[in-house]
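Have your viewer ready and try each task before reading its solution.

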Amino acid sequence: MDGNLNALTTVFTEFYYWVTVVFMFLIHVGFCMYEVGASRRRNHMHTLMKNVMVIPLVTVTFFFFGWWIYWAFPMFPFFGGLDHEMGDANLPWSQTMGTNLSDRITGVFWAAFLLFSWTAASIVSGSVIERIRSSALWVHAVLIGSVWWIIDAAWGWHYGGWMVKYLGYHDAYASGVIHAIAGGYALGVIMVLGPRIGKFAKDGTPRDIPPHNPWMLTIGIFLIYTGFWGFYAACNVPVISPEVIGGQITGTTWTATNIYLAPTSLSAITFNFLMSLSGGLMAAYVVSKGDAFWTFSGGLAGIITASAGNDLYHPIQAMLIGAVGVVIVYKLHFWVERRFKLDDAVGAVAVHGYSGVVGLIIAGFVLWGAPSSPFEGYATINPLGNALGAVIMFFVLGFLPGFVVAKLQAAAGVLRIPEEVELQGLDYAEHHAYEDAKTDIIEADKAYLASRTTPAE
């Protein structure tokens with residue numbers, strides 16, 4: 001460390017990202033509670049276990065190749081080759097990818113992106129509960145968490161990404177980079193997977209399958225809100241000097257920046273996070289006529305809709321954009337469900353995927369002409385660039401891979417659980433083993449007490 005200021009900056013940045021990672025862990029806790037609360041009692045342990053195993057599978061694969069993709073792919077394959085210099089510095093055997101007192105940032109920054117990966121995988125997980133094989137879901141988790149979303153991050157969420165430079169794509173807090181792609185991927189999977197037994201009546205009318213535990217679901221969504229606030233903070237660089245980013249920022253003041261290294265502040269995103277959450281909650285309450293599930297989900301949808309531009313929106317804009325997005329998403333969800341007979345168990349495609357697409361398109365218009373980056377020669381934000389970005393995120397990198405892989409799994413007979421297993425519940429064997437063990441213990445207790453009892457004289 002060159003001096004006290006640099007030392008403080010390094011230590012503060014290390015601690016900053018460490019704290020955001022801890023907060024983001026709550027997103028996964030929330031998803032676990034949310035999905036278990038939404039599933040029926042006979043599927044609880046299966047739902048929980050498939051979510052838990054996402055953590056090690058995505059973590060290990062992201063360490064081995066996901067992180068390398070982010071640094072190597074910004075211009076690949078359309079506007080150049082792989083960035084070997086940056087990529088090689090983030091390979092699993094490089095010096096920065098382990099204990100190294102001369103590099104205090106890589107580990108915590110890697111972890112922040114890893115938690116984004118968990119989030120993408122968990123979004124897909126929620127839409128397919130109660131009918132997918134765990135092994136099939138884990139393959140999708142690795143692909144969305146360590147391959148497809150990180151490719152889109154390299155293209156559209158990297159200060160040197162080709163979508164930012166040439167399209168003027170702007171997605172500061174991941175409307176598209178996380179949510180649209182994960183929603184699109186989930187849509188591709190459920191189109192092949194099919195609905196749960198009993199979801200649709202003979203005439204095609206969808207039935208509501210209510211959550212087993214609405215209280216657990218509610219706590220889960222509030223933990224997701226909390227973790228998402230940490231997610232927002234992790235999308236920022238906490239403090240940086242102008243010369244570090246090439247001297248393109250006018251002035252000499254150290255500043256916080258967004259993911260594109262353009263100036264912003266925690267104050268800005270705090271205003272806009274809370275206002276878009278509030279706009280989403282109020283609009284969802286009205287449009288759903290007070291339905292609790294959609295009101296809570298609408299708060300999340302409001303944040304996601306506004307996330308693309310929440311570094312630049314006025315708070316009132318954030319509130320209105322969140323509200324408008326929720327109305328569109330709510331209507332679209334039920335139209336798609338009725339028209340295509342798709343069973344999205346927790347509304348993940350709508351809340352994440354449709355909200356992300358709508359948010360990108362709105363940001364392209366509202367922020368039209370604003371700089372997409374502090375660097376010279378980059379395209380400005382524009383409707384076409386963000387609309388094309390939405391197509392790339394939701395359809396090209398999301399829907400298509402999810403659909404193709406699910407088709408291959410279905411052809412191999414490894415995608416969906418057998419019908420009889422679905423009817424009796426995925427926890428059937430575990431439940432009976434538990435009941436048998438409990439019976440054995442009770443009988444053992446009775447036998448012990450009987451052996452200790454002295455017959456009356």
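**Exercise 1.** Find which helices each supply at least two residues of the lining of the largest cavity.

*Solution.* Step 1: the helices are helix 1 (4-38), helix 5 (106-127), helix 9, helix 11 and helix 13 (348-366); helices are DSSP runs (H or I, at least four residues), numbered from the N terminus. The model is predicted: local features need pLDDT of at least 70 and side-chain atom pairs pLDDT 80 or more, while totals for chains, interfaces and linings use all residues. Residues are numbered from 1 along each chain as its sequence is written, and side-chain values use heavy atoms, leaving out hydrogens and water.

Step 1: on a 1 Å grid over the protein atoms alone, a cavity is a set of points where a 1.4 Å probe fits but cannot get out, and lining residues have an atom within 4 Å of a point. Here 15 residues line the largest cavity, with F31, Y34, V346, A348 and H352 nearest its centre.

Step 2: this cavity holds about 110 Å³ of space, a volume being the space filled by probe spheres set on the points, which are joined across faces, edges and corners.

**Exercise 2.** Work out which residues line the second largest cavity.

*Solution.* Step 1: start from the volume, about 80 Å³.

Step 1: the lining consists of L187, I190, H333, V336, E337, L342, D344, V349, A350 and Y354. Helix 8 (175-193), helix 12 and helix 13 each give two or more residues to this lining.

Technical notes:
On a 1 Å grid over the protein atoms alone, a cavity is a set of points where a 1.4 Å probe fits but cannot get out, and a pocket is an open set with protein on both sides within 12 Å along at least five of seven lines; lining residues have an atom within 4 Å of a point.
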